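User: I am new to this structure and would like to learn how to read its features. Please give the general idea first, then the case at hand.

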Amino acid sequence: MKTFRSKLFFAIITLIIAVLLCLGLLLGQLFKSYYINVIDERLSKEIQLVAGQIEEIGGIEQLTQEKVDQFASWLGVNVTIADANDQVIFDSVNKDIQLKNRKTISEILGAPDSDGQAGKVVGDDYHYFWKELNEGTNSYYLFLSAEIDEVKSGYSQIWWILIICLSLALILIIFLGAAITNRYTRPIDSATRVAIELAKGNYRARTYDNDVGEAGKLNSSINILARNLQDMEKSREMHQDRLSTLIENMGSGLILIDSKGYINLVNRTYREVFHADVTEYMDELYYNVIEYKEITELIEELFMTEQKVRKQIQIL
């Protein structure tokens, strides 16, 4: 029964773990898409804000590197401005990555599918969002870029949150599943043990029948069956005692032989008449212990015909 309980519990937990893994992967992808959309929406609003600030101070001609660095510090992103010839005018990133950043910006502006007005590109190290600025006959391009490491850090945080939440949910489900499994398999376990005892002949065995539902009905029925079998066993023992007393004290000699020819009972009259020792007769084949040929032939005829035989025999 413990094997059944373990298999049931293992199957339920395996199914739940599979569901949680699928749910985690699905939620991870949904959160990832949501996080990317949040970053895009943030950069879209921030680039409008920076463009508005540049316009308020008098355009690109009045813009200084200090102001560009201030924008980048406020927003927590990199700010880059390039002209129509793909030449970078202002760049807030440090000198170690300016060259790579400017090369990426030149590739973005020179791409054949670029509409020349606005867009977004995900590079190897940065997530770019750009917008065209028109000042008279001159065109400039404003770039905001967020480091991919920051995006990856956000992904990592999302996955850790998912792992922790789903792990806690799994632990809670395991405890609840164990309690529920134990509650519903315990009556069956008890009923199984009692059924085994009844099969062994122990009719005094009982199971708890205080459970409700189908399990309670099962245990109650087993207890009723056990009581009936116990009553039947008591009645059989009583009749057996009465029959044994009757056979033992009857005036005629009697031998009880089973279908295989083994002697099961020899009454007192037979023992006295034939001077038989009961220990030599019990559980022995009749033709090995009965010395009188006339009696063994009568018994053989009875076995062969399976009919009532009545004869008068004279033994010398």
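Analyst: Start with contact, which means heavy atoms within 4.5 Å. This is a predicted model, in which local features need pLDDT of at least 70 and side-chain atom pairs count only at pLDDT 80 or more, while totals for chains, interfaces and linings use all residues. Residues are numbered from 1 along each chain as its sequence is written, and side-chain values use heavy atoms, with hydrogens and water left out.

User: Which residues is V79 in contact with, leaving aside its neighbours within four places in sequence?

Analyst: With those neighbours set aside, V79 is in contact with V68, F71, A72, F90, D91, S92, L142, F143 and L144.

User: How do I read a nonpolar core?

Analyst: A nonpolar core is a set of buried Ala, Val, Leu, Ile, Met, Phe, Trp, Tyr and Cys residues joined through side-chain atoms within 4.5 Å. Buried means under 20% relative accessible area, exposed over 50%, and partly exposed in between (1.4 Å probe, protein chains only). Here the largest nonpolar core has 21 residues, and I54, I60, L63, V79, I81 and L142 touch the most other members.

User: Which elements give two or more residues to this core?

Analyst: Helices (H or I, at least four residues) and strands (E, at least two) are DSSP runs, numbered from the N terminus. Those giving two or more residues are helix 1 (2-56), helix 2 (65-75), strand 1 (78-83), strand 4 (126-135) and strand 5 (138-147). Helix 1 gives the most, with 6 residues. A second, separate core of 10 residues includes I263, Y281, I290 and I299.

User: And aromatic pairs: how many does a search of the whole structure find?

Analyst: Rings of Phe, Tyr and Trp (its six-membered ring) pair if their centres lie within 6.5 Å; planes under 30 degrees apart count as stacked, over 60 as edge-to-face and the rest as tilted. The search finds 4 aromatic pairs. One of them, Y270 with Y281, is edge-to-face, at 5.9 Å centre to centre and 70° between the planes. Y270 belongs to helix 6 (residues 268-274) and Y281 to helix 7 (residues 278-281), so this pair ties together parts 11 residues apart in sequence. Y270 and Y281 are both buried.

User: How is the pair of Y286 and F303 arranged?

Analyst: Y286 and F303 are stacked, 5.9 Å centre to centre with 20° between the planes. Y286 in helix 8 (residues 286-289) and F303 in helix 9 (residues 293-305) are 17 residues apart. Y286 is buried at 7% relative accessible area, whereas F303 is partly exposed at 31%. Together with Y287, Y286 and F303 form one aromatic cluster.
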